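Here is a short briefing to read alongside the model.

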Amino acid sequence: MNILAINGSPHGNLGNTDLILQPLLRGMESTGAKTETIYLNKINIKHCIGCFNCWFKTPGKCIHHDDMAPLLEKKRSADLIIYATPLYVFSTTGLMKVFLDRGIPNLMPFFEENSDGSKLTKHPERYPRTAPQKMLLVSSCGFPEEKHFAPLIQTFKHAAEENGTEYIGEILKPAAWLLKEEDMCEKANAYYADLYTAGKYLITQGKIDAELLKKLHQSWLSDHEIRAMVNKEFHSMLNDKR
Ligand SMILES: Cc1cc2nc3c(=O)[nH]c(=O)nc-3n(C[C@H](O)[C@H](O)[C@H](O)COP(=O)(O)O)c2cc1C
C-alpha cells in the first residue's frame, strides 16, 4: 500500500499537526505500507492563476514550472492520501489550498454527472484510476472545541465525493498546543501510542477503530480550563499583570 501524506502547515515538521501525523504513519508502516510525507512549506508551488492552459492549451500540464508536476503523479497513484493541515480561519492553510487548486491538471474540463447517486456535476479524471483511492483528514487547531473543524471536514469530504475517492474519516486535535506542554507529557505519549495503533488498524481493517477514535478525540481538560490556561499565558506574554 502506497500512502501519500501532504502536510500543509507553515511549521512543517516542527508543527503540532506533524506531531499527530507522524505516529499515525509509523503505525501504518508497521504493516508494511510505504509512506511519504510532503511538507508544503519546504517546496516551491506557485498559486493557480486560473488560465486553464492545463485544460485547453497544454492538456494535463500547468504553465508553472515548479515542484508541483511530480506531485500530481504521486497524488494520482497513492492508495491512501492523507491531508494534514492545521485549521486556519476554520479552513485549510493557504499552502494546502494552493496545493488543492494546482490539482486541476489531473482533471478534464468536461462536466458529467457524478455516478455516486448525488446527481451533482463533476469533472472526469484525466487519468482514470485503476485502483480505488482513500482519503483521510488530519487536523489540529488552537481552540478547545471540535466543532470548529466542521467547515474543514465538509471541504475535504466534498472533494472526496467529487473525485470518487473514499473518505475514511478524520483525526482531529483541538487545543493541539497541549501536546507541547510539559505537564501534558504523559498524556501526549499515551496519545502518540494510540495514534500508532490507529495507523496500524487503518491499514489492516480499512477504517479507524471506533473506540480508539473516541479515545483520540477525548478532551484532556475542560474548555473552561483551556481558556483559563491560554489567557494566563497570553497575559504574561503581553506583560499584563491583571
Ligand atoms: C492564521 C491562523 C489562523 C488560525 N485559525 C484558527 C481557527 O480558525 N481556529 C482554531 O482553533 N485555531 C486556529 N489557528 C491555530 C492553529 O490551528 C493551531 O495553532 C495549529 O495547531 C497549528 O498547527 P501547526 O503547528 O501544525 O502549524 C490559527 C492559526 C493561525 C496562524
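Where is Phe52 found? Phe52 sits in the loop between β2 and α2 (53-56), where helices (H or I, at least four residues) and strands (E, at least two) are DSSP runs, numbered from the N terminus. Please note that this is a predicted model, in which local features need pLDDT of at least 70, side-chain atom pairs count only at pLDDT 80 or more, and totals for chains, interfaces and linings use all residues. Residues are numbered from 1 along each chain as its sequence is written.

**The chain as a whole**

- The chain has 8 helices and 7 strands.
- A compact globule of 242 residues would have a radius of gyration near 18 Å, and the 19 Å of the chain agrees with that. (The radius is taken over C-alpha atoms, and the globule rule is 2.2 Å times the number of residues to the power 0.38.)
- Along the principal axes, the C-alpha atoms fill a box of roughly 60 × 40 × 35 Å.
- Of the 242 residues, 30% count as buried. A residue is buried if 20 or more other C-beta atoms lie within 10 Å of its own, exposed if 12 or fewer, and partly exposed in between, with C-beta atoms placed from the backbone.
- Among contacts in the chain with a separation of 6 or more, 72% come from residues 24 or more positions apart. Two residues are in contact if their C-beta atoms, placed from the backbone, lie within 7 Å.

**Around the ligand**

- The ligand is surrounded by 16 residues, and the closest are Gly15, Thr17, Pro86, Cys141 and Phe143. Here a residue is near if its C-beta atom, placed from the backbone, lies within 6 Å.
- This shell divides into 8 nonpolar, 8 polar and no charged residues. Ala, Val, Leu, Ile, Met, Phe, Trp, Tyr, Cys and Pro count as nonpolar, Asp, Glu, Lys and Arg as charged, and the others, Gly among them, as polar.

- Helix α1 (residues 16-29) has 14 residues, which at 1.5 Å a residue should span 20 Å; its end C-alpha atoms are 21 Å apart, which agrees. (The expected span is 1.5 Å times one less than the number of residues.)
- Because 11 of its 14 residues are buried, α1 is largely enclosed by the rest of the structure.
- Among the buried residues of α1 are Asn16, Thr17, Asp18, Ile20 and Leu21.
- The buried residues of α1 pack against β1 (2-7), β2 (34-39), β3 (80-86), β6 (134-140), β7 (166-173) and α6 (185-205).
- In helix α4 (residues 94-101), the buried residues are Leu95, Met96 and Phe99. Seen down the axis, they fall within an arc of 95 degrees, so they line one face of α4; the arc is that of the directions from the helix axis to the C-beta atoms.
- The buried residues of α4 pack against β1 and β3.

**Loop residues to look at**

- Phi of Phe52 is near 60 degrees, a positive value in a residue other than glycine. Phe52 is exposed, with 12 other C-beta atoms within 10 Å.
- Ala175, in the loop between β7 and α6, has a positive phi too, near 45 degrees. With 25 C-beta neighbours inside 10 Å, Ala175 counts as buried.
- Pro128 lies in the loop between β5 (121-122) and β6. Pro128 and Cys141 are 13 residues apart along the chain, and their C-alpha atoms are separated by 35 Å.
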